[in-house]
Structures are given as structure tokens and as C-alpha cells.
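Reader: I have a model open beside me and would like to understand the words used to describe it. Could you take me through a few of them?

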Amino acid sequence: MDASMDKGRQVMEETHSERETRSAGDFHKIEELLPKHIGSRWNISFLDNMGSFLSKFNPLARAVDPEKEEVWLLDNTAYRPVHVYPHQPQPFQAQFTAAYFKRYTGKDWSKAVASIADTLGLADGEGRAQAEKTIAHRLKPFVETIAPARYIDIKLPNGTVEKLGPGGRSAVSQQIIVSIQDHKEGESAEISAITPQVTPHGPMLTHFAEPEGWLMVSDIDDSIKITMTPSPIGILRSTFVSDPTPIAGMPELYAQIATSLTPAWFYLSASPYNLYPFLRPFLHQYYPKGTTILRDASWMDLGGFLASLTQGTEAYKRSRIEEIHNWLPRRKVLCVGDSTQSDPEAYGDICRKYKGWVKAVFIRKVTDVAEMKDTDKNTDQRFEKAFRDVPREIWRTFEDPKELYEAVEQLKDL
């Protein structure tokens with residue numbers, strides 16, 4: 001989608017709570033300090049730029065050039081569509097997502113690094129020099145110019161070759177591929193590009209989920225990873241400088257969930273795809289492997305990065321969970337989120353729309369971020385309103401993950 005259209009939609013879908021959070025945190029002020037265009041569409045040819053409007057229907061699309069371009073293959077989950085005749089299981093299919101880039105073609109990279117360091121208030125000296133190296137490394141996915149109108153061939157587990165793409169305005173392609181080779185419930189398969197040198201982050205992992213069983217929908221930021229979402233400075237520091245850190249006790253809780261419920265895992269975040277190379281290793285290190293769903297927004301725009309995390313997140317998350325429901329409507333669902341964004345409201349809407357699908361919702365009350373103190377985000381009234389008409393035994397809030405161990409065990413009996 002065109003970046004300007006996506007930004008306009010985010011503003012239109014911004015909730016009153018999000019406006020209050022952004023105002024209290026001076027998000028607009030911080031966004032104005034950050035570079036808006038750290039890459040350039042002038043690096044994209046006229047034909048590619050115009051052809052990107054045609055997306056997968058572009059007759060002039062070209063294969064990725066291994067010498068000049070690269071592709072990110074995002075992990076996914078293969079599912080069997082629910083058929084009207086249950087005795088006729090359907091073949092596995094999955095949504096395949098790929099993002100296409102030109103190798104480093106950004107401009108003023110050093111200025112962007114300095115801008116982040118200055119915004120964070122880093123003093124000159126050895127500490128700042130080391131921090132700038134970290135910033136430069138993590139900024140790379142934001143700097144590289146997107147490569148729309150490209151496609152890539154991949155090899156499925158059954159040996160067939162499929163074409164992914166071409167990508168559209170944001171150089172991201174999404175498509176459903178049917179008849180993937182059968183695997184057992186919970187198994188995973190690596191799917192590689194025919195030219196693996198163009199995928200710097202390696203092959204994608206496809207996880208296989210049968211129609212029945214448990215399904216986990218987990219938020220990332222401030223639910224299982226420290227991000228400090230209500231604070232623009234906190235977001236910048238945790239993303240570009242600090243080591244990615246799990247919320248205390250959450251890896252152990254998720255290990256228990258994996259053992260007790262063996263769910264299919266979906267990690268849903270309002271973070272943009274730019275952060276995939278940053279988030280994927282973190283999730284693999286601390287949490288069960290699964291499908292990470294990120295937002296198609298803010299390429300080459302750091303101000304847009306902050307907005308993607310804080311504007312229109314309720315509508316975005318609700319739409320993505322609805323998509324998961326379309327894939328796996330018979331699964332029993334556990335949702336985990338936090339109080340910083342619109343997780344309670346999004347989950348509450350889903351509970352009301354698909355009655356009986358969601359069996360439990362756990363909301364982490366975030367109390368260790370200064371910007372949360374003078375808000376109503378952790379009040380009982382907020383949660384009661386978000387989960388109106390949802391049975392009280394389905395949802396609960398927590399501060400210490402240990403509070404949930406018994407609740408997880410009880411879910412085994414459902």
C-alpha cells in the first residue's frame with residue numbers, strides 16, 4: 001500500500017485513547033525531530049514505480065537481482081480450510097509474505113544515526129560512539145530502498161517451485177499458495193529461495209496447524225518484550241540501542257503454555273516489517289517459534305515508525321485476528337496482550353464477534369512505565385468497558401506471570 005494512504009488510514013483509525021497517549025508522550029514533537037525520508041523513491045526506476053501500482057498484475061515485473069537486491073521471507077502458518085464436508089480434509093495452504101529491497105541505497109545514513117542519538121540525549125564520548133554503531137546496524141532495514149515490482153522463486157517441501165510476488169507500492173507481496181506438502185500438526189518446514197544468496201535472513205519457516213487444537217495470539221511490545229510503547233523515547237531506546245529484553249517471567253509462562261496446550265503460535269505486533277530482522281531472533285531465543293504478523297508501513301520513515309506503533313492499532317490488530325479466524329475458525333484461542341495500547345479493546349471486539357472462539361484472554365497491566373501513571377489504562381473501568389458482554393471467566397488481568405500458571409492448567413480441560 002502507498003505510504004501516504006496507509007498513514008491517512010492510521011490517522012482515521014486512531015482512537016481517543018491513542019490520541020491521549022500520543023499527546024501525553026509528545027509523540028508529534030519527537031516525530032518532527034526524526035528524519036522523514038532516509039531512503040528515496042528516486043532510486044526506484046520510473047517503470048518500477050509506476051508498475052508497483054499494478055502489484056501482482058504487473059507484466060513488467062522482474063526477478064530479484066542477486067547482485068543488487070535482497071528478499072525477506074517471513075515465517076508463516078499452513079492450515080487446512082474448513083470444508084462443508086468434514087470427512088474431506090482440504091490440502092494445506094498458507095499466506096506467503098515477502099519484502100523486497102535494493103541493497104544499501106539509502107542517503108544521509110550518518111545523519112539519521114546522529115538524529116536518533118541526539119533525540120535520545122546521548123552525550124559525546126565512548127558510550128555514544130558504541131551506541132551509534134548499534135543504531136547504525138538496526139537502522140539498516142529502514143535505510144535500504146524498497147524494490148517494488150520484483151518477484152522470487154521458492155521451493156516448497158513437495159519439490160514444486162512457486163513464484164512469490166511481485167511486490168506492490170511498499171514492495172511487500174502477499175499471496176495464498178495451496179497444496180503444500182502434508183506435515184503433522186505442530187511440525188515445521190524450511191522453505192528456501194531458489195537463489196538463497198538473495199535472502200540474508202535465511203529461509204522461511206512454515207508451521208503446520210490442523211483445524212482442531214489450541215491457537216495462541218500474542219502481542220509483542222510490552223506484553224512479552226520491553227518496548228515502553230507509551231514513550232517515544234522509550235520506543236527509540238529499546239529499538240535502536242538497548243538489547244532486546246523479555247518481560248520478566250513471560251518466557252517461562254510461554255514455555256508452560258507450549259507444554260500444556262501445544263498451540264499454533266501467532267505473534268501480532270503493530271511494529272512495521274522493518275523490525276522483522278530485529279524481532280525474529282529475539283522471539284526465537286526466548287519464545288516458541290511461530291508466525292510473526294507485522295504492519296506494512298513506514299518504509300524509509302522514522303516518524304512513521306513511531307506512528308505505526310501508536311495510531312490505529314486497535315483496528316489493525318482486530319483485522320489481523322479476523323484473518324487468523326478465517327484460517328483456523330475451529331481452534332480454541334488464547335490471547336495475551338497488555339494495557340499500553342488497545343489490546344483489551346481489540347480482543348474484546350473479537351470475543352463478541354466470534355462468540356466461543358476465544359477461550360481466554362490475559363492482559364498484562366503495565367505499571368513500570370512513567371507515562372502510564374496518570375492515565376486510566378490500568379483501571380477496572382477501562383477493562384470492564386473493553387470486555388463488556390464478554391463472560392468474566394474468559395478474561396483477566398495480571399502483573400506477575402506466575403499468577404497465570406493455574407489458569408493455564410485449567411484451560412487443558414476445555
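Predicted model: local features only at pLDDT ≥ 70, side-chain atom pairs only at ≥ 80, totals over all residues.

Reader: Why is α11 called oblique to α12?

Author: The axes of α11 (residues 313-327) and α12 (residues 343-353) cross at roughly 40° and come within 9 Å. Angles under 35 degrees count as roughly parallel and 65 to 115 as roughly perpendicular, so α11 is oblique to α12. The crossing of α11 past α12 is right-handed.

Reader: Which residues make that contact?

Author: From α11 come Glu314, Lys317, Arg318, Ile321 and Glu322, while α12 brings Asp343, Glu345, Ala346, Tyr347, Asp349, Ile350 and Lys353. Sorted by type, the residues of this contact are four nonpolar, eight charged and no polar.

Reader: What makes Ala171 count as buried?

Author: Its relative accessible area is 0%. Buried means under 20%, so Ala171 is buried.

Reader: Where does Ala171 sit, and which residues is Ala171 in contact with?

Author: You will find Ala171 in the loop between β6 (161-164) and β7 (172-180). Leaving aside neighbours within four places in sequence, Ala171 touches Ala98, Ala99, Tyr100, Ile146, Ala147 and Pro148. The C-alpha atom of Asp376, 205 residues apart from Ala171 along the chain, is separated from that of Ala171 by 39 Å.

Reader: Which residues of α5 are buried?

Author: In α5 (residues 109-119), they are Ala112, Val113, Ser115, Ile116, Ala117 and Thr119. Just after α5, Gly121 has a positive phi of about 75°.

Terms used: Residues numbered from 1 in each chain as written. Heavy atoms only, no water. Axes fitted to C-alpha atoms, helices over the stretch in contact; angles between N-to-C directions. Helix = DSSP H or I, 4+ residues; strand = E, 2+ residues; numbered from the N terminus. Parallel < 35°, antiparallel > 145°, perpendicular 65-115°, else oblique. Left-handed = near helix turned anticlockwise from the far one by under 90°. Contact = heavy atoms within 4.5 Å. Nonpolar A, V, L, I, M, F, W, Y, C, P; charged D, E, K, R; others polar. Buried < 20%, exposed > 50% of the residue type's maximum accessible area, 1.4 Å probe, protein only.
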